[in-house]
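This report describes charged and nonpolar side chains in one structure. Please look at the sequence and the model before reading on.

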Amino acid sequence: METWIWIVLAVAVLAVVVLAVLAGSRKKKEREVVKRRENQQRAAELRERSEEEDLSARERKADADAARAEAEKARIEADRLEQDARRRAEDADKVRQEAESHRRDAAALAPDGDDSTGGDTSRGRRDDVTDHGSGARSDEAPWQDGDGGPDGHARRDGDTRAEGDLGPGSRPRT
């Protein structure tokens, strides 16, 4: 064969090879572009998820801070209530001490008197009357259940208290 045929064949083969290389590189570029787009989409999704998680973390931190603040408020309120209770207990102790002092003063002023400074008499009971709480009767009592009381009137239920007297447990508590 002649040389010019060989040259034409070589040019044709070379053209086919160049076209094949160009087509391969074009496909490779297209694959890279597609891969780059996918990576960009994944990155965008990851950024969005990261932002959502960041917002969620901020919300949780704010909730935790609010819970801490509520707990601190509760501790402060508990401390305030405890101080108030201590102050009231101290006031009650002072009042008890004053009452005891008054009882001692009264006993010093009238040592033989009918004051109510004894152990049982501090609760309003006297030794010469019936003890209604225990059901025991005193032989020294001037009246007994069913007898006339200090006002001379017997009650139907046997109670010997005066009409206006409601008994030892009926006094209003302070």
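## Side chains along a helix

Asp84 is buried, with a relative accessible area of 16%. The reason for this label is that buried means under 20% relative accessible area. The model discussed here is a predicted one. Asp84 has its place in helix H1, and its side chain is joined to that of Arg87 by a polar contact of 2.5 Å.

### Salt bridges

How many salt bridges does a search of the whole structure find? The search gives 10 salt bridges.

Arg58 and Asp54 form a salt bridge in which the closest N and O atoms are 3.1 Å apart. The two residues are four residues apart in helix H1, which spans residues 3-109, so about one helical turn separates them. Asp54, at 36% relative accessibility, counts as partly exposed.

A further salt bridge brings together the side chains of Asp65 and Arg68, with a distance of 2.6 Å from N to O. Asp65 and Arg68 are three residues apart in helix H1, and therefore about one helical turn lies between them. Asp65 has a relative accessibility of 33% and counts as partly exposed, whereas Arg68 is exposed, with a relative accessible area of 54%.

Asp93 and Arg96 also form a salt bridge, and their closest N and O atoms are 2.6 Å apart. Both residues lie in helix H1, three residues apart, which corresponds to about one turn of the helix. Asp93 counts as partly exposed because its relative accessibility is 36%. Arg96, at 54% relative accessibility, counts as exposed. Turning to shared partners, salt bridges join Lys61, Asp65 and Arg68 into one network.

The contact between Arg96 and Asp93 can also be described in another way. The side chains of Arg96 and Asp93 make a polar contact of 2.6 Å.

| Salt bridge | Closest N and O atoms |
|---|---|
| Arg58 and Asp54 | 3.1 Å |
| Asp93 and Arg96 | 2.6 Å |

### Patches on the surface

Which residues form a nonpolar patch on the surface? The patch consists of Leu14, Val18, Leu19 and Leu22, and together these residues have about 380 Å² of accessible area. Leu14 lies in helix H1. Leu14 counts as exposed because its relative accessibility is 54%; the cut-off for exposed is over 50%.

A patch of negative charge is also found on the surface, where Glu45, Glu48, Glu51, Glu52 and Glu53 gather. One of these residues, Glu48, lies in helix H1.

### Summary

How values were computed
Residues are numbered from 1 along each chain as its sequence is written. This is a predicted model: local features need pLDDT of at least 70, side-chain atom pairs count only at pLDDT 80 or more; totals for chains, interfaces and linings use all residues. Side-chain values use heavy atoms; hydrogens and water are left out. A salt bridge is a side-chain nitrogen of Lys or Arg within 4 Å of a carboxyl oxygen of Asp or Glu. Buried means under 20% relative accessible area, exposed over 50%, partly exposed in between (1.4 Å probe, protein chains only). Patches are made of residues with over 30% relative accessible area and no salt bridge: like charges are joined within 9 Å, nonpolar side chains (Val, Leu, Ile, Met, Phe, Trp, Tyr) within 5 Å. Accessible areas come from the Shrake-Rupley method with a 1.4 Å probe; for residues, only the protein chains shown count as cover. A polar contact is a pair of N or O atoms within 3.5 Å; within protein, one must be able to donate a hydrogen and the other to accept it, and residues adjacent in sequence count only if both atoms are side-chain atoms. Lys and Arg count as positive and Asp and Glu as negative; His and the chain ends are not counted. The place of a charge is taken as NZ of Lys, CZ of Arg, CG of Asp or CD of Glu.
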